[in-house]
Amino acid sequence: MLLYALRRLLLALPILLGITFVSFIVIHLAPGDPVAVTGDPDAPLTKEAREALIKEYGLDQPLPVQYWRWVSRLVRLDFGRSFSPDGRPVLEKIAERLPITLLLNVIEMLIIVAFAVPIGVLSATRQYSLFDKVTTVFVFVGFATPDFWLALLLIILFAVQLGWLPPSGLRDPNAEYLSFWTQRFDFVKHLVMPIAVATFGGLAGMSRYMRQSMLEVVRQDYVQSARAKGLSEGVVIGKHALRNAMLPIVTILGLSLPGLIGGSVIVEYIFAIPGMGQLMVQAVFERDYPVIMGNLVIVAALTLVANLFADVAYGLVDPRIRVGRRRR
Amino acid sequence: MSPFWRAFTKNRLALVGAVIVACLVGLAVLAPALAPWDPHRPDVRKILIAPSAKHPLGTDALGRDVLSRMLYGARVSLAVGFVSVGIAVCIGTILGSVAGYKGGFVDATIMRFVDLMLVFPRLFLLLAVLAFLRPSLWTIMGVIGLTGWMGVARLVRAEFLSLREREFVLWSQSVGASGFRVVWRHILPNAMAPVLVAMTLGIPAAILTESGLSFLGIGVQPPYATWGNILNEGKDALEIAWWLSVYPGLAILVTVLSYNLLGEGIRDALDPRLRQAFATLGARRR
């Protein structure tokens, strides 16, 4: 098992290098140099400031040299400084926002799994029942609903009309005057809508896969023999079938991560949550290119790490994978 | 009737999807004739009028007719859907067939590149690219296509891997057909079924992506009317003008839903076994 995990880790290293390469290319192949379009278009940089920036970032050097310098600084975890007026180190900016995005995504993952698995199992074991039909409609609608639109509708209903939930941010402006538990409650209230929006589409997809996977498993012979030896339906489904039906879900969960993290851009933007997604949108509007590059690298590296975890988890639950059998 | 049509026409949901898609295409093409008002002309006397007989879907903050703007927005969605998926399918098919046909080192290199591209959350990648490009309709279509080809490449490669061992391919190789001819005339036509499905399911994904980018304000720029733009402008008037937020989103929902129904119908009619191949594909929409 350890060997398997190590092999996955080794395979991930070239991808990590590739991430920096793609991030670099993406920014530098765009026509025009990053400094020319940097900052507020209404207050263009002075000539001296421009030249200082060009010097500092070595933008007058050939691209391979620039790439080499950039990567060798990345290795030392030096992501440069933001172009925005505060000029803070990029890593510092990302570090204060990363925990929020991670927290949201972990909660979303847990909710998706907690709901999708029972929904999928129930609609598979009661195929073509009313429950199955209702969830199928939910799945199709969930796939097709733009998350930003859902967010707007929820804000109109729960924040504007009913006034039950706060429309944006993470805490009440007067939170510091509230008692400890009211503060916690306030925080949870701020999270309800963003998390509902972010989980909606993923939940639809995941319960669909769970249903599909379960339907395939219950047709297999060993499920029949479990029934034949007189086990109760609950044990047959809950113990024998479920474990095998969960296998593809682990993979799909790993694959759906980039989508989930990408979705946090929209959710954090609409609900004004100070996370990585909001930072990215701000950086794009300000054309703050060190932050954009840093963000892209970190987000991709995070996804890579999460995929690695999913691979290892898959190896843990499925012995066939870790004993040999090369990738694809 | 061919077996495909028989299976397809038996699927009522897929037919509904096909009819709605056809209507949407018709509305988009005929938008200039159908739109009751000029979608771009502001009118200060008509700012934020609620839906009425004269303006069935109301007007926006500049007094422009929302129905007309949405009809023109359908053109953008349609164009973005078809062109960006066209780009993605071309890149994916070329790389996938080269990987699947050549195998070995070439295959490994291309597929690792696919893995690499899939590690990037698509929206982050799109934002990074668009930060330094002047956003126009063409750049949006281009970047959505350039970031959406990986699934197609995987599908095509998988098809090629199984097809290249088949007798008719071995036969044409043994009578001396060139590699290009084998791929183009013999393997590719047989590998197109999943590509067709990927296209139909890729269009709604591209439409969702475009509207998301336009909603963030970095997609197709005003004065172009797109569904995402209307939503973006409408969110500032959320409390007083619900119609600006409700209708464009509904249009996106119905469009994406119909393409998905159509795509799944085509898939099931072509080959039910394709289900599995697309299960993992659909998992990464954004």
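This is a predicted model. The contact takes 42 residues from chain B and 47 residues from chain A. On the chain B side, five helices each supply at least two residues: α5 (104-119), α6 (122-131), α10 (179-216), α12 (242-270) and α13 (274-282). Of these, α6(B) gives the most, with 9 residues. By class, the side of chain B that touches chain A has 28 nonpolar, 7 polar and 7 charged residues.

Let me turn to chain A. Here helix α11 (residues 276-286) and helix α12 (residues 289-317) pack with their axes 9 Å apart, at an angle of about 150 degrees. Because angles over 145 degrees count as roughly antiparallel, α11(A) is roughly antiparallel to α12(A). The crossing of α11(A) past α12(A) is left-handed. From α11(A), the residues M276(A), L279(A), M280(A), A283(A) and V284(A) meet V291(A), I292(A), N295(A) and V299(A) in α12(A). This contact of α11(A) with α12(A) has 8 nonpolar residues, 1 polar residue and no charged residues.

V143(B) lies in helix α7 (residues 137-146) of that chain. Is V143(B) buried or exposed? V143(B) counts as buried, because it has 23 C-beta neighbours inside 10 Å, and the cut-off for a buried residue is 20 or more. Leaving aside neighbours within four places in sequence, V143(B) is in contact with L126(B), V129(B) and L130(B).

Technical notes: Residues numbered from 1 in each chain as written. Chains lettered and ligands numbered in written order. Predicted model: local features only at pLDDT ≥ 70, side-chain atom pairs only at ≥ 80, totals over all residues. Axes fitted to C-alpha atoms, helices over the stretch in contact; angles between N-to-C directions. Helix = DSSP H or I, 4+ residues; strand = E, 2+ residues; numbered from the N terminus. Parallel < 35°, antiparallel > 145°, perpendicular 65-115°, else oblique. Left-handed = near helix turned anticlockwise from the far one by under 90°. Contact = placed C-beta atoms within 7 Å. Nonpolar A, V, L, I, M, F, W, Y, C, P; charged D, E, K, R; others polar. Buried ≥ 20, exposed ≤ 12 C-beta atoms within 10 Å, placed from the backbone.
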